[in-house]
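Open the model and keep the sequence beside it. We will walk through it step by step.

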Amino acid sequence: MPKNEKTTIFRAEQSPLKVTLLVFSGASIMCVACAVDPLRAANRIAGETLFDFKLVSVTGEAPVTTCGLPVAVSGRFDATEPTDVLVVVAGFGTQNYATSALLAGLRRAARSARACGGVEAGTWLVARAGLLEGRSATTHWEDMEDFSSAFPGVDVRPDRYIIDGPVFTTGGASPTLDLMLHLIRTRLGMAVALDVASAFIYDQARVATDAQPLVSLGRLDGYDPRLAQAIRLMEAHVDQPLTIEAIAKRAGVTARTLESIFRKSIGETPGAYYLRLRLGAARRLVVDTRVAMADIAGRTGFSSAAAFSRAFSRAFGEAPVRLRRG
């Protein structure tokens, strides 16, 4: 890494990451959601604020997305306010927003932030601010040719998303979700990223460098297919857990091989992951429903309410009854 490059945010860290999302009218509501909701889900799954995010606009008023829905923001974009990450989310009409004052603000914010990036047409504003010069970047496939002509100093690629030093760019909504899952995985681990993806019933379909126009096949690229098969079996048997030996047999491997696959891909044993999966399901029932604790224990595969409470307390630091009261 060159001496003038900032330390990447895409690395294992437990300290909270402050993220500012600058949203413009004309952006897709899908892009906004895919940028912010994975961070919200990661916080919920972790049980603490590891992504301290907020949404702002240039004027402080709610930007209106392409479908007509306004996005609530916490205020006006302030380039002097400290943040770790600045994410520019834009769509149609970016040429109307590229004022000298805004571009100067983006440059100022980027200098003090650890990373900055553009989502879909937000890439145009990041480029107009001079933050992509000499770097690789992507944008929506419809704009690729025009973007290349407008910014000859940028290495434009048709990738889903690109991370080049402290700058990242994405081609649209789904690639933004991929990018955020990548951020969560690198900072908090594969297990949390899988939990976040599961919250949206989403299989990470492709790797970053896959071309945008290709249709998603709904597969887990880059991971052993036996890992996905084992996790699907666990998800299907939360109430009546299978033994690890039974899961391994159905996946066509030995229990020892399955453990090796899990340790390599996720960093924990199949048993530990399975227990965490069940406790995650239990936590959602505790927090989001009024289902009796004994019933929650049964639904998540515990032999008794007492056994459930002990496991829950070890995992989350407090008893399920106390969490619900809080």
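Start with glutamate 120, which lies in strand S4. Helices (H or I, at least four residues) and strands (E, at least two) are DSSP runs, numbered from the N terminus. This is a predicted model, where local features need pLDDT of at least 70, side-chain atom pairs count only at pLDDT 80 or more, and totals for chains, interfaces and linings use all residues. Residues are numbered from 1 along each chain as its sequence is written, and side-chain values use heavy atoms, with hydrogens and water left out.

Is glutamate 120 buried or exposed? It counts as buried because its relative accessible area is 17%. Buried means under 20% relative accessible area, exposed means over 50%, and partly exposed is in between (1.4 Å probe, protein chains only). Glutamate 120 is not a glycine, yet its phi is positive, at about 50 degrees. Its bridge partner is alanine 90.

Now widen the view. Strands S3 (residues 85-90) and S4 (residues 115-120) run parallel, joined by six bridges. Two strands pair if DSSP finds at least two bridges between them. S3 and S4 belong to an open sheet of six strands, in the order S2-S1-S3-S4-S8-S7, with mixed pairing. Strand S2 (51-56) and strand S7 (161-164) are the edges, and each pairs on one side only. Neighbouring strands of this sheet are turned by 15 degrees against each other on average, direction ignored.

Next, the helices on the sheet. Helix H1 (residues 29-46) lies across S1 (17-23), S2, S3 and S4, and runs at about 150 degrees to S2. Helix H2 (residues 100-112) packs on the sheet too, touching S1, S3 and S4, and its direction makes about 150 degrees with that of S3. Contact means heavy atoms within 4.5 Å. Axes are lines fitted to C-alpha atoms, for helices over the stretch in contact, and angles run from 0 to 180 degrees between N-to-C directions.

Move on to threonine 138. It sits in the loop between strand S5 (136-137) and helix H4 (144-150). Threonine 138 counts as buried because its relative accessibility is 0%. Its side chain reaches the backbone oxygen of arginine 157 at 2.8 Å. A polar atom of that side chain also lies 2.9 Å from the backbone oxygen of aspartate 159.

Finish at helix H5 (residues 173-188), which has 16 residues. Of these, 14 are buried, so H5 is largely enclosed by the rest of the structure. After H5 comes glycine 189, with a positive phi near 105 degrees.

Terms used. Polar contact = N/O pair within 3.5 Å; in protein donor to acceptor, adjacent residues only side chain to side chain. Expected span 1.5 Å × (residues − 1).
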